[in-house]
Amino acid sequence: MLNINYSLKSLKIIVEKVKPSKIVLVSSNNLIPKLNWAITELKELTPVEIKIIQVPDGEVAKEWGVLKELLSDFIEVGLNRKSIVIAFGGGSITDLVGFASSIYQRGVPYINIPTTLLAQIDSSIGGKTAINFLDYKNQIGSFYNPIAIIIGSRFLETLTERQIIDGFAEIIKYGLIKDPSILEIIKSRNLAALREESVMEGLISKSIKVKEYFIEKDPYDLNIRQILNFGHTIAHSLELKYNLSHGEAVLIGMMEELKLGEQLGVASPEIKNYLGVLLKNLNITLNKKQLKVDWKSILHDKKISGKEINLPVVKKLGEAKLIKVRLDKLISLIK
């Protein structure tokens with residue numbers, strides 16, 4: 001069972017229980033001044049000094065050189081297996097810090113404090129940690145769960161519209177694959193109304209429940225959990241190549257994979273049309289012109305086994321499954 005908390009004040013209880021020898025907080029150099037109020041609050045909640053380590057912002061944080069520097073900082077600070085590392089930021093930070101924590105001294109406890117909508121409902125949950133390698137997404141990583149996840153709604157007030165849309169890409173995905181009530185909430189509101197605290201809290205809660213459902217059934221992503229990868233087979237082949245945000249890549253990926261589902265005779269065209277109307281209501285326009293799938297990236301997809309890939313497809317709203325597709329067939333369909 002995941003230890004998810006909804007107040008920064010929960011750090012005090014966690015620290016009292018763990019009694020860490022040291023605490024470090026890792027965040028991006030751009031985020032620290034913007035969210036200094038939260039860092040100050042965290043420092044006041046624990047008698048143990050919180051030392052700050054800065055890393056680059058965005059996907060750059062998930063590079064090999066940054067990981068090496070972070071591990072060097074862990075050594076310099078004197079972290080040990082009784083210490084706590086706090087990952088404070090978006091998905092790139094939680095991915096990097098989670099992986100560093102998993103390999104430093106064979107595992108040091110860490111806490112995720114996700115500050116973006118995307119990280120709160122997706123990347124901070126489930127124990128997947130990774131860095132990019134040789135221009136391929138999430139190629140080196142581990143499964144290593146945080147001892148706690150702390151979600152704060154106040155962080156969402158600081159996000160740009162693009163960052164909110166990034167999060168909604170994954171929220172919409174949860175609605176398509178498991179819980180259509182999510183789609184009904186989104187369908188009846190514009191983006192401004194969806195940002196209201198009570199609405200957002202409800203969507204976050206529903207999204208986390210969907211992710212928990214798949215994680216509990218398949219902790220190590222060997223079968224049914226791969227349904228959470230819907231839209232990501234194509235998204236990961238575009239994201240780094242064209243410098244797209246993760247949410248934009250996933251929205252494009254979902255539309256394209258719904259087309260694949262139709263071509264494979266599994267999905268109804270109505271689902272793709274429904275998604276198109278939903279995005280139009282939210283005033284979200286996808287720029288798909290001149291985007292070509294990077295096949296080298298797809299060949300590094302972790303859902304591949306031999307000459308086949310486990311492809312998540314949405315059969316109807318709220319119901320998805322995995323189907324095995326030969327890679328040569330997939331290539332011919334996408335071309």
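Strands here are DSSP runs of E, at least two residues in length, numbered from the N terminus. One of them is β4, which covers residues 84-89 and includes Gly-89. Keep in mind that this is a predicted model.

**Around Gly-89**
- Gly-89 has 0% relative accessibility, so it counts as buried, the cut-off being under 20%.
- Thr-116 sits 27 residues away from Gly-89 in sequence, yet their C-alpha atoms are 7.0 Å apart in space.
- Thr-116 is also one of the contacts of Gly-89 beyond four places in sequence, along with Leu-31, Thr-94, Ile-113, Pro-114, Thr-115 and Ala-119.

**The largest nonpolar core**
- This core is made of 67 residues, and Leu-117, Phe-168, Ile-172, Leu-176, Ile-177 and Ile-186 have the most contacts inside it.
- Helix α7 (residues 161-177) supplies the largest share of the core, with 9 residues.
- Both domain 1 (4-156) and domain 2 (161-334) put at least three residues into this core.
- Looking past residues up to four places away in sequence, Ile-186 touches Phe-168, Ile-171, Ile-172, Leu-194, Leu-203, Leu-278 and Leu-282.
- In soluble globular proteins, nonpolar side chains tend to be buried together.

**The second largest pocket**
- This pocket holds about 300 Å³ of space.
- It has 15 lining residues, and Ile-234, Glu-256, Leu-291, Val-293 and Ile-334 are the closest to its centre.
- Two or more lining residues come from each of α11 (232-239), α12 (246-263) and α15 (327-334), with α12 giving the largest share, 5 residues.
- By type, the lining has 9 nonpolar, 5 charged and 1 polar.

Definitions and conventions: Residues numbered from 1 in each chain as written. Predicted model: local features only at pLDDT ≥ 70, side-chain atom pairs only at ≥ 80, totals over all residues. Heavy atoms only, no water. Helix = DSSP H or I, 4+ residues; strand = E, 2+ residues; numbered from the N terminus. Buried < 20%, exposed > 50% of the residue type's maximum accessible area, 1.4 Å probe, protein only. Contact = heavy atoms within 4.5 Å. Core = buried A, V, L, I, M, F, W, Y, C linked by side-chain atoms within 4.5 Å. Domains from an automatic or database assignment. 1 Å grid on protein atoms, 1.4 Å probe; cavity = no way out; pocket = protein on both sides within 12 Å on 5 of 7 lines; lining within 4 Å. Points joined across faces, edges and corners; volume = space filled by probe spheres on them. Nonpolar A, V, L, I, M, F, W, Y, C, P; charged D, E, K, R; others polar.
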